Amino acid sequence: MKKALIFGVTGQDGSYLAELLLEKGYEVHGFIRKSATGNTKNIDHIIDRMQMHRGDLADTTSIYRVINEVKPNEIYNEADQDHVGWSYDSVDYTSDITGAAVGRILEAIRQIDKSIRFFQPISSNIFGQAPNPQTEETPLNPQSPYACAKSYAYVLARYYRRVQGLYASTAIYYNHESPRRTDEYVTRKITKAAARISKGVQKELVLGDCSLEIDFGYAKEFMEAAWNIMQLDKPDDFIICTGELHPVSEFLEEAFKAVNLNAADYTRYDQKFFRPGKNSPLTGDFSKATKAFGYKPKVKFKDLVKIMVENDLRETEDELLLKDRQAIK
């Protein structure tokens, strides 16, 4: 039985990855920080099948201790400060947790057992403003503190692979969404609002710039790609995306269309949600991943929107049902 350690196991990506590894017969270990102990919604259905370890990416001693205790075959780092908007207001924290912490993990692996395989997700934000499509060799041009931190994580993984001989692979992920996105992300903000407005729970939706074109993928599929990357004989870097661009405004329209409403009737825009740094529309060339392990996106744009809206409709209906029961009591 293979052992895997997942940093960020309670998040969107980490929880889907944990499900996948359990299905494949892994012994799964999760690394959880104190502030996340009350936020295990994404893994409550599988937490009794995993072994959880307390620690924090800001604390080198806990990283070293857990890796040394577990001695996993594979480590997946799905933990970071992953919100671009937040990174403008927390530059130091983002730099440390999203960037420097990757070095802490890799150095612990180097000291404990160099045979441990390591996976680091990277963001397409590292390209910032670049011609389409991007490849694994496109120059980095980050436009936010978050993108700068991810660029550092990317360079660190490559250094430990090429110079220190570690199995350190990366996936340059383009936007990947799911019902497990938090409300702070525009996609979940939109689908949740569409569901709640259709049920009379919410009156309007306030957004920022919706003109930006984005490559929207499905997080669950991206975690399957992560596992496939880790099974290759040699570590490498791979772009994972859908190859399709859609403006946020189209995502908005599709979400409201799914509940038979016109988005324009319920949406207004506020300058405070506009970002100071702006990426060009980014989409990548995933042919390297296709050749290496047969990667091909299955869930496309409209299917993704539908999956998210249907989930938020169920959650809204459950919320209303609970209120009715409480009113009866």
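Is N260 buried or exposed? At 72% relative accessibility, N260 counts as exposed. The structure is a predicted model.

**Helices α8 and α10**

- Two packed helices are described by the angle between their axes and the distance between the axes.
- Helix α8 covers residues 248-257 and helix α10 covers residues 301-328.
- The two helices pack with their axes 9 Å apart, at an angle of about 55°.
- The crossing of α8 past α10 is right-handed.
- On the α8 side, the contact is made by E250, F251, E254 and A255.
- On the α10 side, these residues meet F301, K302, V305, M308 and V309.
- Sorted by class, the residues of this contact are six nonpolar and three charged, with no polar ones.

**The buried side of α8**

- V248, F251, L252, E254, A255 and F256 are the buried residues of α8.
- These buried residues pack against two other helices, α6 (186-198) and α10.
- They also pack against the strands β8 (205-207), β9 (213-214), β12 (246-247) and β13 (267-269).
- F251, E254 and A255 are among the buried residues of α8, and each of these three also takes part in the contact with α10.

**I190, a residue of α6**

- I190 belongs to helix α6.
- I190 counts as buried because its relative accessibility is 0%, and the cut-off for buried is under 20%.
- Beyond its neighbours within four places in sequence, I190 is in contact with L205 and L207, and also with V248, F251, L252, A255 and F256.
- V248, F251, L252, A255 and F256 are included among the buried residues of α8.
- From I190 to L207 there are 17 residues in sequence, and their C-alpha atoms are 8.6 Å apart in space.

**Helices α4 and α5**

- Helix α4 spans residues 91-112, and α5 spans residues 145-162.
- The axes of α4 and α5 come within 8 Å and cross at roughly 10°.
- That angle makes α4 roughly parallel to α5, because angles under 35 degrees count as roughly parallel.
- In α4, the residues of the contact are V91, T94, S95, T98, G99, A100, V102, G103, L106, E107 and R110.
- In α5, they are P145, Y146, A149, K150, Y152, A153, L156, A157 and Y160.
- The contact of α4 with α5 has 12 nonpolar, five polar and three charged residues.

**Two residues with positive phi**

- K71 is in the loop between α2 (60-70) and β4 (74-77).
- Phi of K71 is near 50°, which is a positive value in a residue other than glycine.
- K71 counts as partly exposed, with 46% relative accessibility.
- The side chain of K71 reaches the backbone oxygen of N68 at 2.7 Å.
- With residues up to four places away in sequence left out, K71 touches K3 and V66.
- K71 is 38 residues from I109 in sequence, while the distance between their C-alpha atoms is 9.3 Å.
- N260 sits in the loop between α8 and β13.
- Phi of N260 is near 60°, also a positive value in a residue other than glycine.

**Q12, a residue of α1**

- Q12 is part of helix α1, which covers residues 12-23.
- With a relative accessible area of 8%, Q12 is buried.
- Apart from neighbours within four places in sequence, the contacts of Q12 are N42, H176, E177, S178, R180, R181 and A219.

- S280 is in the loop between β13 and α9 (287-293).
- A polar atom of the S280 side chain lies 3.1 Å from the backbone nitrogen of A130.
- Setting aside neighbours within four places in sequence, S280 is in contact with G128, Q129 and A130.
- P133 is in the loop between β5 (117-123) and α5.
- The peptide bond that joins N132 and P133 is cis, with omega about -10°.

Terms used: Residues numbered from 1 in each chain as written. Predicted model: local features only at pLDDT ≥ 70, side-chain atom pairs only at ≥ 80, totals over all residues. Heavy atoms only, no water. Axes fitted to C-alpha atoms, helices over the stretch in contact; angles between N-to-C directions. Helix = DSSP H or I, 4+ residues; strand = E, 2+ residues; numbered from the N terminus. Left-handed = near helix turned anticlockwise from the far one by under 90°. Contact = heavy atoms within 4.5 Å. Nonpolar A, V, L, I, M, F, W, Y, C, P; charged D, E, K, R; others polar. Buried < 20%, exposed > 50% of the residue type's maximum accessible area, 1.4 Å probe, protein only. Polar contact = N/O pair within 3.5 Å; in protein donor to acceptor, adjacent residues only side chain to side chain. Parallel < 35°, antiparallel > 145°, perpendicular 65-115°, else oblique.
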